[in-house]
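Here is a short report on charged pairs and nonpolar packing. Keep the sequence and the 3D view open while reading.

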Amino acid sequence: MAMPEGNAQSAGAAAPGTPGAPVGGGTRFPFISRMTRGQKIAAGAGGLLIIIAVALLLLNREPGPRFVPLYTGLSTQDAAAIVSKLKESKVPYQLDDGGTTIRVADKDVYDLRLSLAEQGLPQGGGVGFEIFDRTNFGVTEFTQKVNYLRALQGELARTIAEMSEVDQARVHLVIPEQRLYEEKQQDATASVLLKLVPGATLTRRQVQGIVRLVASSVEGLKPENVTVLDIHGNVLSSTGTGEDLALSALTTTQLEAKKAIERDMETRLQSMLDRVLGPMKAVARVNADINFDKKESSSEIYEPGPNGQGIVRNSKRSEETVRITGGTAGAVPGVTSNVPTGGLGGIPTYQAVGPTGSEDRRKTEEITNYEITKRVEHTVKAPVELRKLSVAVMVDSSLQPAQVDAVRQAVAAAAGIDPARGDSLTVASVPFDTSWLDQERKAMELEAAAAARRAARKGLVAALSSNLSYLIAGLVLLILATATLVMLRRRRALAGAAAGEEEFSGFEFMPEAATAAEPEVSEEDQESPEEQIALLARSQPENVARVIETLIEEGKK
């Protein structure tokens, strides 16, 4: 059967897809064109495996020395001195935060801290009394005084900087010279500049503690002559005399006590409301009127004893008896019986005396002294007295009126509201704004989701790093299995193609006997190639399908 001219190809040119034809119009890597599809898949998987292994090795590899902070927040003088020591010891270091932070290898950080501390570094932004460790001959008295002042300032600054709220401190002292006359003597003064830790604040007691520390460390320095301020120029210490400072401290203490009482009551009320109504359903505020007057009273009370007479202190009893002996006078006493009978000029006549006898007379005297019963009372009234209490409670409008009344009664009982004392309680029902709560909840959910994703990525990297050997072994097994399957499939396809070609050749080239038995036909009656193929497909469909599959597989290669 003649081939159509349109399908003819020159013998010198190889058809595309044949082993001698260049793939893709000629490639820079000829060996790729000679690889089968299974080999290409295996090579690509191997390259991917190598890339993953290198990436995991880079993630899991031990880096160089990890630098950690040796000191942070150093002054310029301390940083320069420490860097000089590190250079002398040939220790690698890094500078951060504008030279105020020095980083060294993590394995050397503790040894270096001990070594530098032995050399007196860091000095805390100034020199201390170590300035006198070295004796310099020829130093004048003025230089000694200046060095002493510098050392005292440096030591005070170091002590103040030890507070957790203080980052850095500077102390300036002015100590005037001693004068012969006291009225000409000037007072010593001091100023303290503080740089606080970000977010930290000093209470008034802490500021007063710094003032007392500086005043007690310098001879002749009074607390009212010490000024404490921060780096923003805000004066933290109170100015005035000692009496004014005491009064100011007392006022501050009273204000803190008032706030503590209000805060404690608010906390108790708020916890009760949140427990009953749920969170964000009620808000309680308390205002307490406190009387801080201190009262003292003394009293002396005189009381009788249990029997109404008191306690006998001493008792005295005396008895006296007198006996009288002799005659007794007779007649009627008086002038008439003693006048003479003859009148005033005659002989007097006296009363006759009766017979003699004796008489006993007794006298008793008793003196009793009682102890005075006295009770002395000294009463000191507490300086904190609650004069009036005002409580305000705001509840959400979603509560029913019965619930609002129940809240009013419960708050009145819990706060100890006393109308006779002038206490007041207000409970109002208003709608609460919860939009900010929804925004916070969404932000927290987004942050939680982001944290979960980061944790998942870290967990995946950690799992891959810890199981790198198993991963490589699994990928190698996968590549080998894939290559084996591809080779088996290719062999099966080649075997099927060979069988199809044999069958195709069997029905394409008929034996001569069969051809001779057929009657001769004219060129007009001869069937076209298309008709012959259609006839062959109808007579042998399985063989034709196998041949077509083989041709398709060869075209894919």
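## A pair within helix α5

Lys145 and Glu141 sit 4 residues apart in helix α5 (residues 141-161), so about one helical turn separates them. Their side chains meet in a salt bridge, with 3.8 Å from N to O. This is a predicted model.

How exposed are the two partners? Lys145 has 48% relative accessibility and counts as partly exposed. Glu141 reaches 59% and counts as exposed. The cut-off explains the two labels, because exposed means over 50%.

## A pair within helix α7

Helix α7 (residues 242-277) holds both Asp264 and Arg268. They are 4 residues apart, about one turn of the helix. A salt bridge joins them, and the closest N and O atoms are 3.5 Å apart.

Both partners are partly exposed: Asp264 has a relative accessible area of 45%, and Arg268 has 40%.

## A pair between strands

Asp289 and Arg387 also form a salt bridge through their side chains, at 3.4 Å from N to O. Asp289 belongs to strand β7 (residues 282-291) and Arg387 to strand β12 (residues 385-396), so this pair ties together parts 98 residues apart in sequence. Asp289 is partly exposed, at 31% relative accessible area. Arg387 is partly exposed too, at 41%.

Elsewhere, salt bridges with shared partners link Arg317, Glu319 and Glu366 into one network. The structure holds 14 salt bridges. As background, side chains of opposite charge can pair when their charged atoms come close.

## The nonpolar cores

Now the packing. In soluble globular proteins, nonpolar side chains tend to be buried together. Which residues have the most contacts inside the largest nonpolar core? They are Leu194 and Val214, in a core of 22 residues. Five elements each supply at least two residues of this core: α5, β4 (166-174), β5 (188-196), α6 (204-217) and β6 (221-230). Helix α6 gives the most, with 5 residues.

Take Leu194. Leaving aside neighbours within four places in sequence, its contacts include Ile160, Val166, Ala169, Leu202 and Ile210. Also among them are Val228, Leu229, Ile231 and Leu236. Gln168 and Asp230 are in contact with Leu194 as well.

A second, separate core has 20 residues. Ala288, Val393, Val407 and Ala415 are among them.

Conventions:
Residues numbered from 1 in each chain as written. Predicted model: local features only at pLDDT ≥ 70, side-chain atom pairs only at ≥ 80, totals over all residues. Heavy atoms only, no water. Salt bridge = Lys/Arg side-chain N within 4 Å of Asp/Glu carboxyl O. Buried < 20%, exposed > 50% of the residue type's maximum accessible area, 1.4 Å probe, protein only. Core = buried A, V, L, I, M, F, W, Y, C linked by side-chain atoms within 4.5 Å. Contact = heavy atoms within 4.5 Å.
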